[in-house]
Amino acid sequence: MPGKLKVKIVAGRHLPVMDRASDLTDAFVEVKFGNTTFKTDVYLKSLNPQWNSEWFKFEVDDEDLQDEPLQITVLDHDTYSANDAIGKVYIDIDPLLYSEAATVISGWFPIYDTIHGIRGEINVVVKVDLFNDLNRFRQSSCGVKFFCTTSIPKCYRAVIIHGFVEELVVNEDPEYQWIDRIRTPRASNEARQRLISLMSGELQRKIGLKVLEMRGNAVVGYLQCFDLEGESGLVVRAIGTACTLDKLSSPAAFLPACNSPSKDMKEIPFNEDPNPNTHSSGPSTPLKNQTYSFSPSKSYSRQSSSSDTDLSLTPKTGMGSGSAGKEGGPFKALLRQQTQSALEQREFPFFTLTAFPPGFLVHVGGVVSARSVKLLDRIHNPDEPETRDAWWAEIRQEIKSHAKALGCHAVVGYSESTSICEEVCILSACGTAAVLNPRFLQDGTMEGCLEQRLEENLPTGCGFCHIPYDELNMPFPAHLTYCYSCRKQKVPDVLFTTIDLPTDATVIGKGCLIQARLCRLKKKAQAEANATAISNLLPFMEYEMHTQLMNKLKLKGMNALFGLRIQITVGENMLMGLASATGVYLAALPTPGGIQIAGKTPNDGSYEQHISHMQKKINDTIAKNKELYEINPPEISEEIIGSPIPEPRQRSRLLRSQSESSDEVTELDLSHGKKDAFVLEIDDTDAMEDVHSLLTDVPPPSGFYSCNTEIMPGINNWTSEIQMFTSVRVIRLSSLNLTNQALNKNFNDLCENLLKSLYFKLRSMIPCCLCHVNFTVSLPEDELIQVTVTAVAITFDKNQALQTTKTHAEKSLQRASTDNEELLQFPLELCSDSLPSHPFPPAKEHLESASSNSGIPAAQRATSVDYSSFADRCSSWIELIKLKAQTIRRGSIKTTVTVEKASPMGEGNFRNRSAPPCANSTVGVVKMTPLSFIPGAKITKYLGIINMFFIRETTSLREEGGVSGFLHAFIAEVFAMVRAHVAALGGNAVVSYIMKQCVFMENPNKNQAQCLINVSGDAVVFVRESDLEVVPTQQPSANCQPSCTEGEVTT
Amino acid sequence: MTSELDIFVGNTTLIDEDVYRLWLDGYSVSDAVALRVRSGILEQTGATAAVLQSDTMDHYRTFHMLERLLHAPPKLLHQLIFQIPPSRQALLIERYYAFDEAFVREVLGKKLSKGTKKDLDDISTKTGITLKSCRRQFDNFKRVFKVVEEMRGSLVDNIQQHFLLSDRLARDYAAIVFFANNRFETGKKKLQYLSFGDFAFCAELMIQNWTLGAVGEAPTDPDSQVDDMDMDLDKEFLQDLKELKVLVADKDLLDLHKSLVCTALRGKLGVFSEMEANFKNLSRGLVNVAAKLTHNKDVRDLFVDLVEKFVEPCRSDHWPLNDVRLFLNQYSASVHSLDGFRHQGLWDRYMGTLRGCLLRLYHD
């Protein structure tokens, strides 16, 4: 009996009239937890009852505390007939279970009914008394903190980042049980809401257990999703990154390096909880008695529950030797070896994080993704969700091997998703292959001297771009050049990633949202035939989306994509693909060549003219975009480029890059058949279409920027006004003779119009930036396309923006020159570095084929793959994706922390403390944002995770204002309930807010509609920086601080 | 391709003041879009008509959802569904309860019943205000009336407390409620020259002086269903007004009164001779108005009588406003010197208010 839950019902207000005769209500409240129920007295004849109840006490296991929601039902007492339910409130008490978070939940909660929506509010107080648990076999994981935020939360420090945790639970969907035929829609909806609430509680508890086994104390980047598989059941799955976090008591406690804590770890790794701050109910006691084998992941997989798939194919490599290398080359090898050792013990070296502590990310390889098409069947035994587990395990294994092929040991920015239509399900996983710095990982074998060596070696913010793979042995064809920042290492010509832009990266100009949109019709089919058809279509879609992204990126004059998210949605008769990313110009990568159009029939005069007209239009657009996004890379003089390169082959390539920079000046003339220009062959109408669609994307109106990453590269002086919003659009396609082109156009228009509407609606906030723009596509019915967008608009100070960009550009110029000096000073090092890369001939071939977009052969090979064996469709499909993944780019060696770079960011962020205080900072305002931070404010406390699931149904659709009125009201209600829960926890904002699901179904003929929404985020307390002014030593956001301190160490 | 569903929901509810005005003015979505296009917004923002249509629809939907809350403004403050900064909330309420001068003149003093509501069609045609807007304004009057009707205490305070209106607007509503409750006739042709402001001014004076609340007499038994303190005229007072009749019935008293006024005003009044000639008529008029106020019917005709019996005669003789003021001051004051007249207090309560009203009503 390790916990006592206490609940008090205080009052109600704005209740609906339940008795028509008196226009009043006789309300009472049922409080239920687990199987225990308490009732308040009936408060007669009032719409604002004052129950002021006693404390209802529930004595429960902490396991139940984690799984069960507190269920509060408000009813109208009726003497003669059954009492009528007014509505319910579900309260997740998880935030009360860890000591650092909320201590009490108290406030007004909207009373929610799945048929009528919000019907008044109820004031509730909830407390939990936890007792120490000495039971070593316990099943609960109270005390493990959960964060949706995909970076280390702002007021914590990562001691160790342990790695990937995953779990899934399955159940029958109440909507599809036989009993659903006889019960009311309300009862059915409530059964579903309750079940999902229970399942997510259970899931969270199980994940918590895994974290404890890994000796962590928190999950960061926690992402929980529902798969509504219909007849075959309901799957709730979650992934996250287990960490050991340390609360930052004061800014001074921010230690420069992670040396000491990791050393501590080595000395007493298994005897004590790694986190000295943990509270009494923490996991230390049970762990003490267990004998851990040295490889923690091993023990973890042995012990863990059904969901684990033991596919540890990884060879056990020994621990890194720990001796420090003097030269760059051996050092690199050592680093790799160590990272490898740290990571390969893990079943899946995946990280759901998208932003990292400085120095964590060493190199980025490129995007890896895997998809598999599955046929759903009934889950027979919910306690043994083996098939679903096996499916995911397969995909993860695939991702892991892709990453390996890119010379990377880890995958960062990792995410998983599904798309279900009838019995077909597409499982997708996506991430960025990367090489990580082992010092944050579990074994603390890093030696101090090595670390120092590492830091000496990091002059600029270009390290993550350097290729991690061996250039002799490139897994795919790519252009390589010497890094434009440090001139020492090789970089690819284009870099695609799923992570946020590293804070130390040098960016020129501003970024912008880039989307690739694609539809493909498919025949309606059943079961296997359907799955085969989908499997066949997928590689083409991926390829085409990739081409679109590449074209659009070049059109913007940029060379890297961050936050890439590719979503493929399956419908009855079509597949939709939507890829969103934020394009930037990385100073370290070469200037992108232009786009060159080549006609198929070169002799036709008018055709030629048409082509050249198009060419001009494209060139104009590129020039315009460069101006718009302020992309003015510094000129690089030939002598600097030429001198350190001794090898003829390289020289020629460098000459090429030099001619590129001279292009900069002329700008318009990009089409002169240079081999680096991107060639678009217009050989059929499809291609024509592509070129057109390229040019139809309208840039946002002036004063607006947009990106899908956390922050907009190139803007760092946010002011405090933020507006989070969700916008939903559904269009009906005219069913008559749909073609792929018409479909594409419709879809393109839908997205573009949606964006235009957003710009128009938010025009009063100019200058502003739409951040974290998140598009979700679904196909609820045959001819319906639904697009849901959630984003946040943040205002910024224009004047300051100009200033910073200027100094920024100057700085990067400066850096370029100092870098070059440095470069000349250490020729030896450089030689040793480039020595192994000598035999070039094999790479040459690759380079050539890459110039005409290497993906084409891959796709061709793809078509030839035989799909006859359906049982094996997944694996063969993954082969395709492997090829596909190869066409996506990556970067290379050298860890980097730039003092120079980090500081303008930091200062920029905090300079705008002078911004006017927000007008609506009155009591009760709860901010919501998909970002992990609040501009102009400091997060002082994380109160716990918010994870809510709602169903709303109506049988009077017309009366509620049609589908738009219905959904508008519902989303507003969901926001309200999220805000109320946060406020009750004592918070004033939700960060990392995400609407994970918005499933909308309508039946206008029956005047009915139903919608399911799942949202999550982190409840926090923030303080305006203007209020903090008194404190002289501002503690900047966790992202900036370490880089500054590290800078001091280096000097 | 048709848009089935198109919504935008912000964590902070977006309010576009221009669209709100169009919505309040009762324009349909398509009319509102047309009006917005005409305002040149497309050129300013580079938006398309489709974007404007979607935006307008969205705002209209939001306003429609907010309307329920605007019916009870304190609910708007406490509700959790729409997060709106306080300044915006105040703006929403104030604008929603604002009314058109032309409209209020049509319904002022009318019973706020279904019957009147049926006439809104005609009012709409006559005033050029959309029927929708007329309905909103009428319903606002009615709603405020219903809420404060049964309440005790200051009318303005009650309105302010329950509808969170600005002081100015709350006073206007007090006048509207007061007029509706006492059914003062304001629609007659000879009253057309009067503005809502004129009536509101009179209403305020009457509320301050002629109602139960004015004398500060709390009813002895608080549970008894006495007249609403601020809404109804003090019945006792109206009964007593009959006593004033002696001023014109008693010939000596009337002559004395006249001579007192004439003596005092000789040489000070540009229209002295006209005044002297008309004194008895004017005095009879004013005193008879008072004496008749016991009948509900005559209460309703108060303003008609005042205009007929006093404003019009003076106006036909071209009295300047200042002369009217001098006359009325002297006329009221002189009664104190009439030894045979015992109802000085009553007279002051009556005449003090009437003097204010008449001065306000006296214009072209």
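Is A:R729 buried or exposed, and what is its relative accessible area? I looked this up before anything else. A:R729 is buried, with a relative accessible area of 8%. I note here that the model is a predicted one.

**Entry: the A:R729 pair**

I then looked for the partner of A:R729. A salt bridge links A:R729 to B:D6, and the closest N and O atoms are 3.0 Å apart. I placed B:D6 in strand 1 (residues 2-10) of chain B and A:R729 in strand 25 (residues 718-732) of chain A, so this pair joins two chains. I checked B:D6 for burial as well. B:D6 has 17% relative accessibility and counts as buried, because the cut-off for buried is under 20%.

**Entry: chain A against chain B**

I went on to the contact between the chains. On the chain A side I found 49 residues in contact with 36 residues of chain B. Together, chain A and chain B bury about 3,800 Å², and 60% of that is on carbon and sulfur atoms. Within chain A, the residues that lose the most area to chain B are A:F760, A:K761 and A:H968, which together account for 22% of what that side buries.

How many salt bridges are there between chain A and chain B? I count 5. One of the salt bridges in the structure is formed by A:K761 with B:D55, with the closest N and O atoms 2.6 Å apart. For the structure as a whole, over all chains, I noted 48 salt bridges.

**Entry: salt bridges within helices of chain B**

I looked at two pairs in chain B. The side chains of B:R171 and B:D167 form a salt bridge, at 2.9 Å from N to O. Both residues belong to helix 12 (residues 167-182) of chain B and are 4 residues apart, about one turn of the helix. I recorded B:R171 as partly exposed at 30% relative accessibility, and B:D167 as partly exposed with a relative accessible area of 36%.

The second pair is B:D255 and B:K251, whose side chains meet in a salt bridge of 3.4 Å, N to O. Why are B:D255 and B:K251 separated by about one helical turn? They are 4 residues apart in helix 17 (residues 251-265) of chain B, so about one turn lies between them. B:D255 is partly exposed at 30% relative accessibility, whereas B:K251 counts as exposed at 52%. I also noted a network made by salt bridges that share partners: it joins A:K761, A:R763, B:D16, B:R36, B:D55, B:D58 and B:R61.

**Entry: chain A overall**

I turned to chain A by itself. Its secondary structure comes to 23 helices and 31 strands. Of the 1051 residues in chain A, 64% are buried. I looked at contacts in chain A between residues at least 6 apart in sequence, and 80% of these join residues at least 24 apart. Chain A exposes about 37,400 Å², of which carbon and sulfur atoms supply 52%.

**Entry: a sheet of 3 strands in chain A**

What is the order of the strands in the open sheet of 3 strands? I read the order as 13-15-14 in chain A, with antiparallel pairing. Strand 13 (361-375) and strand 14 (410-421) stand at the edges with a single partner strand each, so each has one side without a neighbour in the sheet. On average, neighbouring strands of this sheet are turned by 10° against each other, direction ignored.

I followed the pairing of strand 13 with strand 15 (residues 424-436) of chain A, where 13 bridges join the two antiparallel strands. A:V373 stands opposite A:I426 in strand 15 of chain A.

I then looked for helices lying across these strands. Helix 7 (residues 386-405) of chain A lies across strand 13, strand 14 and strand 15, and runs at about 145° to strand 13. Helix 9 (residues 527-555) of chain A lies across strand 13 and strand 15, and runs at about 155° to strand 13.

**Entry: A:L586**

A:L586 counts as buried, at 1% relative accessibility. Leaving aside neighbours within four places in sequence, I found A:L586 in contact with residues including A:F464, A:C465, A:L495, A:N559 and A:F562. I also looked up A:P349, which is 237 residues from A:L586 along the chain; their C-alpha atoms are separated by 27 Å.

Note on methods: Residues are numbered from 1 along each chain as its sequence is written. Chains are lettered from A and ligands numbered from 1 in the order in which they are written. This is a predicted model: local features need pLDDT of at least 70, side-chain atom pairs count only at pLDDT 80 or more; totals for chains, interfaces and linings use all residues. Side-chain values use heavy atoms; hydrogens and water are left out. Buried means under 20% relative accessible area, exposed over 50%, partly exposed in between (1.4 Å probe, protein chains only). Contact means heavy atoms within 4.5 Å. Two strands pair if DSSP finds at least two bridges between them. Axes are lines fitted to C-alpha atoms, for helices over the stretch in contact, and angles run from 0 to 180 degrees between N-to-C directions. A salt bridge is a side-chain nitrogen of Lys or Arg within 4 Å of a carboxyl oxygen of Asp or Glu. Accessible areas come from the Shrake-Rupley method with a 1.4 Å probe; for residues, only the protein chains shown count as cover. Buried area is the accessible area (1.4 Å probe) that two parts lose on being put together, summed over both.
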